[in-house]
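Hi everyone, thanks for making time this morning. I'd like to walk you through a structure, so please have a look at the screen.

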Amino acid sequence: MASIKECLSEFAHVARHPEEQLKKYRSQGMKAIGCTPYYAPEELIEAAGMVPFGLWGKAGVPKKAREYFASFYCSLAQMNMEMALDGSLDGLSAVLFSVLCDTLRPASQNFKVGADIPMLFLAHPQNRRTGYGVTYFAQLLENLCTELEKISDRPIGEEDIRRAIRIYNENRREKRRFCTLCAEKAGLISAVDRHLVMKASYFMRKEEHSRLLRELNQALEAAAVPDFSGFRVVTSGILLDSEKLLQLFDQYQLAIVGDDLAQESRGIRVDAAEEGDPIRALALQFSRQNQDPLLYDPTIYSRSSYIKRLIRDSHADGLVQIMMVFCDPEELEFPDLSRAVSEAGASLLKLSYSHEMVDFGQAETSLETFAAMLSEKREMGT
């Protein structure tokens with residue numbers, strides 16, 4: 001069995017060098033499909049014998065993409081476009097564009113016009129829980145299968161999709177297990193390493209990621225619980241994809257014991273049924289997705305209840321909201337999230353985030369102050 005250090009080193013290399021992974025799969029004769037956020041049905045790409053490749057932007061300042069977007073577009077959409085225009089995505093056979101927010105919908109059309117890469121458009125239904133919503137989405141998935149078959153030049157059978165569902169369910173289970181172990185043994189895995197383990201899955205076939213993650217989880221289970229005297233925090237937002245910023249969490253002993261990030265745990269909460277009609281199983285899986293500011297919630301209040309439960313179940317001292325600059329859904333929800341954190345008896349810190357950020361001096365001051373505040377609360381017994 002590989003050691004914790006060996007597993008983490010392999011995950012880190014993959015997460016930091018996705019271009020090497022893409023080159024490797026292409027050398028094996030495999031095609032890759034880029035998948036933009038959110039809730040891409042990657043199982044269908046796997047069923048077609050191709051490799052899903054996650055597209056969550058990259059650090060840097062958009063240059064060519066500025067020609068297609070207003071300055072108030074979120075950096076996630078801009079940097080995905082930048083990668084398409086600067087050649088970073090040239091190895092992809094197509095890009096699957098999900099459009100769950102008002103930014104991604106027009107961004108998809110800009111991508112279609114400006115990028116020299118075929119685009120597959122997927123409009124998830126917001127009324128996803130109703131019978132007609134499930135039927136509608138199943139039809140969209142059928143249409144997507146047809147497009148993927150053209151690219152892969154092979155038919156997609158029901159058993160191919162069932163096999164892919166089993167592979168992805170296993171990967172989601174191992175990720176959830178990993179997140180639980182990070183919480184149970186706070187301080188054992190750094191904030192940086194926790195993120196890189198999760199991020200690497202976007203650039204690996206899920207069977208490969210699950211195999212390595214299973215080894216890591218076994219090593220973590222065998223490890224002793226560290227004597228951790230720092231603070232337990234939950235993160236929330238779209239993504240926290242900066243090692244420089246994550247290093248500050250480690251510097252101030254803020255262990256991430258749970259997350260509500262779109263790039264990490266939001267997408268692994270719900271498994272798909274492994275029996276019956278596999279297309280409908282994927283449609284039903286999305287219908288059960290919940291607790292996400294990007295998704296319609298007719299109850300209004302279930303999201304805040306979930307946040308309180310996440311904080312309490314994680315025994316978190318606080319929540320750090322990673323606020324994507326110009327992300328309207330996250331900003332609109334913030335007052336309710338703030339109230340939920342307070343009602344859970346935890347402290348709250350909001351940090352602005354953008355792919356363009358290179359100087360985290362303000363964030364460092366905020367995290368240092370947050371840690372000091374949590375320390376004072378602990379001493380006062382509140």
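Let me start with a question: is Lys 206 buried or exposed, going by its relative accessibility? Keep in mind that this is a predicted model. Lys 206 comes out at 4% relative accessibility, and because the cut-off for buried is under 20%, this lysine counts as buried.

So where does Lys 206 sit? You'll find Lys 206 in helix H9, which covers residues 206–222. If we skip neighbours within four places in sequence, the contacts of Lys 206 are Glu 42, Ile 167, Tyr 168, Asn 171, Lys 175 and Ser 201. For a sense of scale, Leu 337 lies 131 residues away from Lys 206 in sequence, and their C-alpha atoms are 33 Å apart.

Now, over to a helix pair. Helix H7, residues 158–184, packs with helix H11, residues 278–287, at an angle of about 35 degrees, and the axes are 9 Å apart. On the H7 side we have Glu 158, Ile 161, Arg 162, Ile 165 and Arg 172, meeting Pro 278, Ile 279, Ala 281, Leu 282 and Gln 285 of H11. By class, that contact has six nonpolar, one polar and three charged residues.

The largest pocket has a volume of about 680 Å³. It is lined by 32 residues, and the closest to its centre are Pro 18, Gly 57, Lys 58, Ala 59 and Lys 199. Helices H1, H2, H8 and H10 and strand E2 each supply at least two lining residues. The lining has 17 nonpolar, eight polar and seven charged residues.

Conventions
Residues numbered from 1 in each chain as written. Predicted model: local features only at pLDDT ≥ 70, side-chain atom pairs only at ≥ 80, totals over all residues. Heavy atoms only, no water. 1 Å grid on protein atoms, 1.4 Å probe; cavity = no way out; pocket = protein on both sides within 12 Å on 5 of 7 lines; lining within 4 Å. Points joined across faces, edges and corners; volume = space filled by probe spheres on them. Helix = DSSP H or I, 4+ residues; strand = E, 2+ residues; numbered from the N terminus. Nonpolar A, V, L, I, M, F, W, Y, C, P; charged D, E, K, R; others polar. Buried < 20%, exposed > 50% of the residue type's maximum accessible area, 1.4 Å probe, protein only. Contact = heavy atoms within 4.5 Å. Axes fitted to C-alpha atoms, helices over the stretch in contact; angles between N-to-C directions.
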